[in-house]
Structures are given as C-alpha cells and as structure tokens.
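Work through these exercises with the model in view. Try each task before reading its solution.

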Amino acid sequence: MATIKPIEGRSVHQIQSGQVIVDLNSVVKELVENALDAGATAIEVRFKNHGLDSIEVQDNGSGIAPEDFDTIGLKHYTSKLSTYDDLDSLTTFGFRGEALSSLCALSKFHIITARASDGAKGTKLDFETSGKLKGTSVVAAKQGTTVVVDSLFYNLPVRRKELEKTVKREYIKVLGLLHAYACISVGVKFSVSNQVPKGKKTVAFSTNANASTKENIANVYGAKTLLALVPLDLKFEMDPCNRPGATQTARNWSTQEDSGARTIKVVGYISRPVVGEGRQTPDRQMFFVNTRPCLLPQVSKAFNEVYKLYNITQSPFIFADIKLDTNAYDVNVSPDKRSIMLHDQTALLESLKNALVELFEMHEQSVPRSQL
Ligand code: ADP
Ligand code: MG
C-alpha cells in the first residue's frame, strides 16, 4: 500500500492559513491593507480585550459587489492580480487572495459591506471555515466594509493558549504597526480603540484625514518629536548597466523604453545627528517601499551605521519611504509580505550611505560645535 497520500483539502487549507495569519499583527495588517486597497479615507480599528475576543476593522472604502459575495472568502480569489506578470506593476498591498480565506479558517469571521448605491442598507456575509459563503442577511450599514474577526485561533489550541498569554505584548506590537500605517497614509483618518471586558473603551490614538506625514507623526508620537527631526529628501541616480560589476538582475532592469538609469528617492524624517537630542525621540524605526511598511534589515543597518558616525550614544528615530519603480523589487518573498527583495540592493545601499553622509554633514555644520 502506498504510504504517500495527499493531505485532505480542509487540512491543507488550515495548514496554509496558519502561515498567512500567524498572530494578531498579521490579522490587523491584512485587514488594514484591504481597507487601504479599497480606497478608504477613514479606517477604524476596534479591539476587544486587546484582540483576544475580537478585532474589527471598519472602512469607508468601495464596499464589495454582490457578484463577489460567493467567492470573496475562497482561497486565491482576488480583484488585484490575474497573472504573474501583474506583480511587476503592482500598486496594491494585496495580491494573493489569501487573507480572508485564512481568517475564515482560523476565526469566527463575518463581513458587513455596503456600496455607495446601496443606500443605508448593507449585507452581512457569513462563511464556512472553508471560505464558502454560508449565508447573507440585510443589515443597516454605511458605505464601506467592516470585517469582524472573533475568537482568533479558537480551533488551534496551542496558538490560542499562546495568544492568551502574550496578547497584551502583541497588542503593543500591533499599535506600532498601526502607527506606521497611520503616519504614511496621508489623506486617511485612523482611529484605534480597545475595550477591556466590563471596562470602558479607550482610544489608543487617532489621526486626521487632511494631515501631512509630518502632522501624522506629531499626532502619533507627540509634537516634541518633530523638534529633533530633520526631513529626509534624498535622491540618487543608479545606473545599473554601466556600473562596474553590475549584476545580471540590475542589467535586466533596463527596458527598451528607458536608458537603464534609475532615480531613487528616500523621503521621510530622521533624528538630527546631535548628541542629546535623541532622548526626545521615541525609539522607532520604520521603513517603507512605495508606502508599503516592510522589514528592510540591510537598509536599517545602513542608516544606523551612518548615524553612528555622527552620534555614537543614541540610535535615531527613522521614518523612511523608499520610492522605487514597481519592477525594481519583489514583494512575493514571504507569506506575510513584510519581507521585500530589492533588486541590486548592494548598489542601492552604497548610494544611500553616501547620500546620508551628505545630509548629516550639512546638518552638523549648521549645529554649534558646543552641541556636537
Ligand atoms: P487580496 O487582498 O490579496 O486580494 P484578500 O483575501 O485580503 O486578498 O481579499 C480578497 C478580496 O476581497 C480582495 O481582492 C478585494 O476584492 C476584497 N476585499 C477584501 N477586503 C475588502 C474591503 N475592506 N473592501 C472592499 N473589498 C475588499
Ligand atoms: Mg488583502
């Protein structure tokens, strides 16, 4: 008798879902990204018991069309990508169609959605754990979508127990992530609250819809933070074709329409490299690629190395958004999409370090020597 057999479909779904939704952070990240992809200008995130009982993300975006109700919970159904080549020009956060189907498998999950043409009426969608639509009912709702995730990991006892133990720490981590989305999403109002059992609802933070990145940072981290920051507005050219030792990947960047030279911008804010000032800034470093929050350990290392040349005693507050062509990086690296592969990263880091030295030299000269 054969010993190699296929895993039953439901189990495969559960196993894979557990890789997309690994913790509270991934739930919130996926839902907020969906709200942003739907064009929301207001996003409310409501936690109950720090997310252990419930996580709700409400947006005022496009809403979901009735034609999509049947498939929205199914794995690999997405409105954002249809062929692999589309990944090269991706402008949305999502593209795999895995988040909602994973949440169906790992939580008690429902959606309420309404479109502009629906008046004050919306639809509540209930799902099977497989992601199949179980039923719909008419409810009162404003335009947009509310996704409700109750009892996360209720059917994975080990993870549920771990979450019960760590939820307060997890919640703090989630707030850090939400700060990043709130600061970078200019034009979007964020409000985040938590309700403890039998306690009252507390607002964790909120931003305004018509605020700039700078105002968002002041709102989230305190106005004092801004005093210690300088704007990052770096711009450098990379010419992967002519650079000695250019990698094949870099050469592949050039297309017929373009000469191969790439302009890369890095915008945001960083602590002034002045000893003592770092104390006023929170210990936060956030990196984005085209407004997508992501983990960029090498970029972070480059920033910190250069900063250390000027201020050895503190580490800087960094809020840096790298502006790149959509075909100059790959987001499809890890199930949670937080890791990003930058093409020709070595050359990019070299140019970035040079640009940072120039910036810090300029600021060092503008600071009285007594403060250095
Ligand atoms: P992906 O974001 O990769 O497409 P998801 O599982 O997160 O996959 O979502 C599946 C689809 O559901 C999306 O492509 C989108 O069409 C729809 N959707 C999800 N969340 C929302 C939302 N908040 N508003 C409108 N549509 C949504
Ligand atoms: Mg998504």
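**Exercise 1. Determine the handedness of the crossing of α2 and α4, then describe how the two helices pack.**

Solution. 
- Step 1. The crossing of α2 and α4 is right-handed. Keep in mind that this is a predicted model.
- Step 2. Take the axes. Those of α2, residues 24–37, and α4 come within 9 Å. They cross at roughly 30°.
- Step 3. Classify the angle. Angles under 35 degrees count as roughly parallel. α2 and α4 are therefore roughly parallel to each other.
- Step 4. List the contact residues. α2 brings Leu24, Asn25, Val28, Lys29 and Val32. α4 brings Val167, Glu170, Tyr171, Lys173, Val174, Leu177, Leu178 and Tyr181.
- Step 5. Sort them by class. The contact of α2 with α4 has 9 nonpolar, 1 polar and 3 charged residues.

**Exercise 2. Find how α4 and α5 are oriented, and which residues make their contact.**

Solution. 
- Step 1. Helix α5 covers residues 213–221. Its axis and that of α4 come within 8 Å.
- Step 2. Read the angle: the axes cross at roughly 150°. Angles over 145 degrees count as roughly antiparallel. So α4 is roughly antiparallel to α5.
- Step 3. On α4, the contact uses His179, Ala182, Cys183 and Ile184. On α5, Thr213, Asn216, Ile217 and Val220 take part.
- Step 4. Count the classes. There are 5 nonpolar and 3 polar residues in the contact of α4 with α5, and no charged ones.

**Exercise 3. Which residues are closest to ligand 1, and how many surround it?**

Solution. 
- Step 1. Count the shell: 21 residues surround ligand 1.
- Step 2. The closest are Asn34, Ala38, Thr78, Gly94 and Ala99.
- Step 3. Look for helices. α2 and α3 (99–106) each supply at least two residues of this shell.

**Exercise 4. Locate the domains and describe the side of domain 1 that touches domain 2.**

Solution. 
- Step 1. The domain assignment gives domain 1 as 9–213 and domain 2 as 222–366.
- Step 2. Their centres, taken over C-alpha atoms, are separated by 30 Å.
- Step 3. Count the contact: 15 residues of domain 1 meet 13 residues of domain 2.
- Step 4. Find the elements on the domain 1 side. α1 (9–20) and α4 (157–184) each give two or more residues. The largest share, 5 residues, comes from α4.
- Step 5. Finish with the classes. That side of domain 1 has 10 nonpolar, 4 polar and 1 charged residues.

Methods
Residues numbered from 1 in each chain as written. Chains lettered and ligands numbered in written order. Predicted model: local features only at pLDDT ≥ 70, side-chain atom pairs only at ≥ 80, totals over all residues. Domains from an automatic or database assignment. Contact = placed C-beta atoms within 7 Å. Helix = DSSP H or I, 4+ residues; strand = E, 2+ residues; numbered from the N terminus. Nonpolar A, V, L, I, M, F, W, Y, C, P; charged D, E, K, R; others polar. Axes fitted to C-alpha atoms, helices over the stretch in contact; angles between N-to-C directions. Parallel < 35°, antiparallel > 145°, perpendicular 65-115°, else oblique. Left-handed = near helix turned anticlockwise from the far one by under 90°. Near = placed C-beta within 6 Å.
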